[in-house]
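Please read this briefing alongside the sequence and the 3D structure. The points below are grouped by topic.

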Amino acid sequence: MSTYFPHASVARYLSSQERHVVTVRMHPSVLIPPLILGIGGVFAAIAVTPVAGDDAALELVIWLFAALLVAQLGRAALRWMTEYIVITQLRVFRCSGAGITSSSPLKQVDDVRVTRSVAGRLLGYGTLVFDSAHVAIDNVPYPYQVYLEIYDLIHPEAPELSLV
Amino acid sequence: MLRRIQRLSTLALILSPVGVLLLAATRVLIVADYNVTTALAILSSSGYINTLVGSVIPLVPILMPYVGLALLYLNRVPAALLAFAAALLISPATLSGASALSLVKHDWGLMTGGSGLRQAVLIILAIALSGLLLIEIAGFQVATVIRTIGTVGIIASLPLIVRLYPVPVSNSFYTNVLSQPWLPAETITLTTHQAVTGYVLESDQDWFEVLLAQDRTVVHYHTSDVASRALCQTASTESKRPLVPLVPAVSQIPACPQPPSPGGAPVPAVSGPGTRIFGVPAVRIPPGLPPKESGQASAGGGR
C-alpha cells in the first residue's frame, strides 16, 4: 500500500524535511456515478434514436448529449489517474496535475476517525474524518491501513487504537 | 470556488439596478422602433419593471419545459419538478393529453422494436446499468442517484418533449416577441369608423395615449373621438392550449386587423378628428382633411 518512493508528480510537493508515509489514489468507486451516466447516456441515446425519426437535428442533440456524458466519464477517469492522497509526518494533502487541492497540517489534528458506508464495505473504501481540523477525505482505499498510519503519526506513543 | 464567485458577481451585476436599467432601456428602444422620443413616451407611461416583466412573460411558457430539463441536469430536482408542473399547466402543447399518451405508446413500440443486434446491445447495457445503479443506490447519496436518473431521463424524454413543446427556431419569432410591447393589443375604432391597432399606454377622462402597432408612433386620441375599443391578439401572441388546461373554456379574442400592404392607403389613425401626434402639442385635426403622414414621434415634450 505504502509508496516509500513517491511518484514524481507527488515528490515535487514534498519539502526536504518531510518524510513521506503513504500515497494512494482515490478508490475507483469515484468513477461509478460518471460511469453510470456514460452508460446510461449511450443506452438512452440508442433507445430513443428510432423515435427521433427523420429529425436529424434532434438525433444530433441526443447523441451530443450522450457524448457529453461519455466525455465527463473520460474527464473523471483522467482526474482519478492524476490525483493522489499523500500523507507525510507533517501533513495530509490531496494533489493533482493542477496542484495541491487541499491540505491539512497534522499538528492541527487531535484525532482521526474512519467511517464506511455500505458500498464502502462492499467495495473496500472509507472516509477519514479529522474532526479537529474539520476535514474529511472520502473514497480512501485501504481505509484501516491508512487510518493506522495516520494514527501512529498523531499519537506516536499511544498503544491503544479505537476502530469505529 | 473563485469561478463560482465570478459567476455570482456576473449574475449580481445583471440583477443590480444598473443591469436592470440597461435591460429595460434596450427592450424599450426595440419596442419603440429605436426612436428615443417614442421610447421616452412609453417609459413615462409604463416603467421599467413593466418593461422587464413584459419581456419575460411571452418566453416563459415556451421555454418552461427546457428550463425544467436544464434544472434537472444541474441537479436542482425540486425546482425542476416545479418547472415541469408549470409546463404542464401553462406551456402551449401541440397535442392533447390523450394524443400525447398514444404518442408515448407508439414511441415505446419503436424503442423496444428494431433489429436483434440493437436489442442485444440494449439488453447488455441495461443489465450493466441496473447493477451499477444498485451499487449507487446502496452506497451513494440520494442526490447523486436522483441526478443520474434525471440525466438519463433527459435524453429519454427529449424526443417527446421536443414534439410536445417545439421550440420556435425561426429568428422572426424572437424578433416578434422582443418587438411586441408588453401591453395587450387593441383595435380602436374611431367615430369616423376608422379602426387602428395599437397599445394604450395611458388614458384619462380626456385623452388616450396610444402606441400604434404598425409604425410605433405615439398618438393621442380624444375620448370623444373613440367609438369603441376591443382587445385583439397579434399573430405572435396567439397561443395553443397547455397539456393540462385548468380552464376548459377557450378565449375568443379576435385577431388584430392586418396593416395595409406597402403602397396601399396610409393608415388613417393619426389623421382622425381630435388626434394629435406625440410631440405636437394639442393639435386638433378637423374632420374631412386628407390623411397626414404620421412618421416617428418628433422630439419634444408630451402632450
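**Briefing on the predicted two-chain model**

The model is predicted, so local features need pLDDT of at least 70 and side-chain atom pairs count only at pLDDT 80 or more, while totals for chains, interfaces and linings use all residues. Residues are numbered from 1 along each chain as its sequence is written, and chains are lettered from A and ligands numbered from 1 in the order in which they are written.

**Chain B**

- Chain B has 10 helices and six strands, where helices (H or I, at least four residues) and strands (E, at least two) are DSSP runs numbered from the N terminus.
- Buried residues make up 26% of the 303 residues of chain B.
- Two residues are in contact if their C-beta atoms, placed from the backbone, lie within 7 Å; among contacts in chain B between residues at least 6 apart in sequence, 62% join residues at least 24 apart.
- The loop between β1 (186–190) and β2 (195–203) of chain B holds B:T192.
- B:T192 is 34 residues from B:V226 in sequence, and their C-alpha atoms are 8.7 Å apart.

**Nonpolar cores**

- A nonpolar core is a set of buried Ala, Val, Leu, Ile, Met, Phe, Trp, Tyr and Cys residues joined through C-beta atoms within 7 Å.
- The largest core has 32 residues, and those touching the most other members are A:A44, A:A45, A:V48, A:I62, A:A66, B:I155 and B:A156.
- At least two residues of this core come from each of α2 (32–52) and α3 (56–82) of chain A and α5 (60–73), α6 (77–90) and α9 (142–164) of chain B.
- The most is given by α2(A), with 13 residues.
- A second, separate core has 22 residues, including B:A24, B:A32, B:A41 and B:I42.
- Apart from neighbours within four places in sequence, B:I155 contacts A:G41, A:A44, A:A45, A:V48, A:I62, A:F65 and A:A66.

**Interface between chains A and B**

- On the chain A side 28 residues are in contact with 27 residues of chain B.
- α2, α3 and α4 (118–123) of chain A each supply at least two residues of the side that touches chain B, and α2(A) gives the most, with 18 residues.
- The axes of α2(A) and α7 (residues 97–112) of chain B come within 8 Å and cross at roughly 125°; axes are lines fitted to C-alpha atoms, for helices over the stretch in contact, and angles run from 0 to 180 degrees between N-to-C directions.
- α2(A) is therefore oblique to α7(B), since angles under 35 degrees count as roughly parallel, over 145 as roughly antiparallel, 65 to 115 as roughly perpendicular and the rest as oblique.
- In this pair, A:A47, A:V48, A:P50 and A:V51 of α2(A) meet B:D107, B:L110 and B:M111 of α7(B).

**Sheet in chain A**

- Three strands of chain A form an open sheet in the order β5-β6-β7, with antiparallel pairing; two strands pair if DSSP finds at least two bridges between them.
- β5 (113–115) and β7 (135–141) of chain A are the edge strands, each pairing on one side only.
- Five bridges join the antiparallel strands β6 (residues 125–130) and β7 of chain A, and A:L128 has A:I137 in β7(A) as its bridge partner.
- Helix α5 (residues 143–154) of chain A lies across β5, β6 and β7 of chain A, at about 25° to β6(A).

Key: A residue is buried if 20 or more other C-beta atoms lie within 10 Å of its own, exposed if 12 or fewer, and partly exposed in between; C-beta atoms are placed from the backbone.
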